[in-house]
Amino acid sequence: MMEKLLPTTLVGSYSMPEWLIDRAKLAGRFPPRVRAEELWRPAPEYLEEAQDDATIMAIHMQEKAGLDIITDGEMRRESYSNRFATALEGVDLDNPGTALDRSGHPNPVPRITGKIRRKYPVQVRDIEFLRKHTDRKIKITVPGPFTMAQQAQNDFYESEEEMALDYAAAVNEEIRDLFAAGADIVQIDEPYLQARAEKARRYGPQVIDRALAGVNGVTALHLCFGYAAIIHGDRPKGYDYLAELASTKIDQVSVETAQPNLNPEELKPLKNKHIMVGVLDLNDPAIETPEQVAEHIRRAMTEVAVERIIVAPDCGFKYVPRDIAFGKMCAMVQGAALVRDSL
């Protein structure tokens with residue numbers, strides 16, 4: 001994958017256009033865990049076409065900014081997790097449950113009433129559409145099994161770990177199909193590894209490796225402190241759960257370094273992984289200069305070999321206004337070029 005030094009990519013999501021989704025409603029609530037179809041602006045019969053058009057826009061903006069690895073921008077999702085999580089067998093969609101989100105507030109979530117199984121490929125059309133519309137390397141994201149287990153009400157399994165392992169089996173089937181359909185990288189989104197670090201230490205690595213069992217392809221894992229637009233207040237300055245990923249089968253780990261001004265020594269245990277270094281602070285609407293981006297990269301290089309660094313935002317662009325998102329992407333590409341040209 002590393003055909004050039006310091007390749008650039010998104011974490012996953014790009015800014016969603018106002019004509020596609022009601023951005024005020026989207027930002028005025030916590031990310032939905034159950035379906036929230038009321039957020040979409042187009043009528044149901046036009047929604048897929050509108051999502052396709054928004055995906056083409058997201059691809060074009062990434063290419064225009066100069067990104068090396070392109071995502072579909074997650075334009076078909078109300079949140080990073082709910083589209084996949086609500087497509088599984090064993091979920092009572094008509095009677096949601098309740099679970100605490102990472103800020104401690106109750107949120108409607110999938111209620112698990114039977115064995116979790118994947119009924120059909122959920123995102124294969126997404127990756128096929130992405131592959132059709134760009135000739136650059138492509139990445140797609142799937143919600144992580146540990147995180148989905150934290151975002152569900154368990155009314156069936158004897159233990160949360162058992163439930164998480166069945167989520168992992170479903171994710172594993174999806175990942176295999178995504179690689180078969182043309183993905184260059186598949187990323188698992190696991191923010192709750194950080195949010196629920198004590199539980200994650202007990203069975204997180206086992207669940208991750210179950211999701212990756214027998215997978216042939218480059219895999220990534222994103223963990224973060226939550227969307228900056230949603231999770232306010234005192235955000236952590238360091239990770240409670242990071243070094244534990246060193247023993248897993250994952251190839252790349254996405255780490256926030258910009259907003260928390262992360263001490264690069266925290267990256268040291270992951271020296272054998274590729275690191276997606278977050279260089280854009282999405283809590284700050286100001287667009288970084290290329291020099292600021294370059295400084296974040298150089299800080300990471302004190303602990304991570306430059307050949308193992310991928311340049312990315314701290315988190316997803318879902319809630320970021322489109323003009324700011326594009327400006328930040330351009331700064332990211334230019335900052336990576338500054339460092340690359342200096343080597």
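Where does E74 lie? E74 sits in the loop between β1 (69–70) and α3 (82–85). Helices (H or I, at least four residues) and strands (E, at least two) are DSSP runs, numbered from the N terminus. This is a predicted model, where local features need pLDDT of at least 70, side-chain atom pairs count only at pLDDT 80 or more, and totals for chains, interfaces and linings use all residues. Residues are numbered from 1 along each chain as its sequence is written, and side-chain values use heavy atoms, with hydrogens and water left out.

Most residues other than glycine have a negative phi. E74 has a positive phi, near 55°. E74 is buried, at a relative accessible area of 3%. Buried means under 20% relative accessible area (1.4 Å probe, protein chains only).

L6 also has a positive phi near 55°. L6 is found in the segment before α1 (23–27). L6 is buried, with a relative accessible area of 0%.

The largest pocket holds about 320 Å³. A pocket is an open set of points on a 1 Å grid over the protein atoms alone, where a 1.4 Å probe fits, with protein on both sides within 12 Å along at least five of seven lines. Its volume is the space filled by probe spheres set on the points, which are joined across faces, edges and corners.

The largest pocket is lined by 17 residues, each with an atom within 4 Å of a point. R35, Q51, R76, R83 and V122 lie nearest its centre. α2 (44–65) and α4 (124–132) each supply at least two lining residues. The lining has seven nonpolar, two polar and eight charged residues. Here Ala, Val, Leu, Ile, Met, Phe, Trp, Tyr, Cys and Pro count as nonpolar, Asp, Glu, Lys and Arg as charged, and the others, Gly among them, as polar.

Methods:
Buried means under 20% relative accessible area, exposed over 50%, partly exposed in between (1.4 Å probe, protein chains only).
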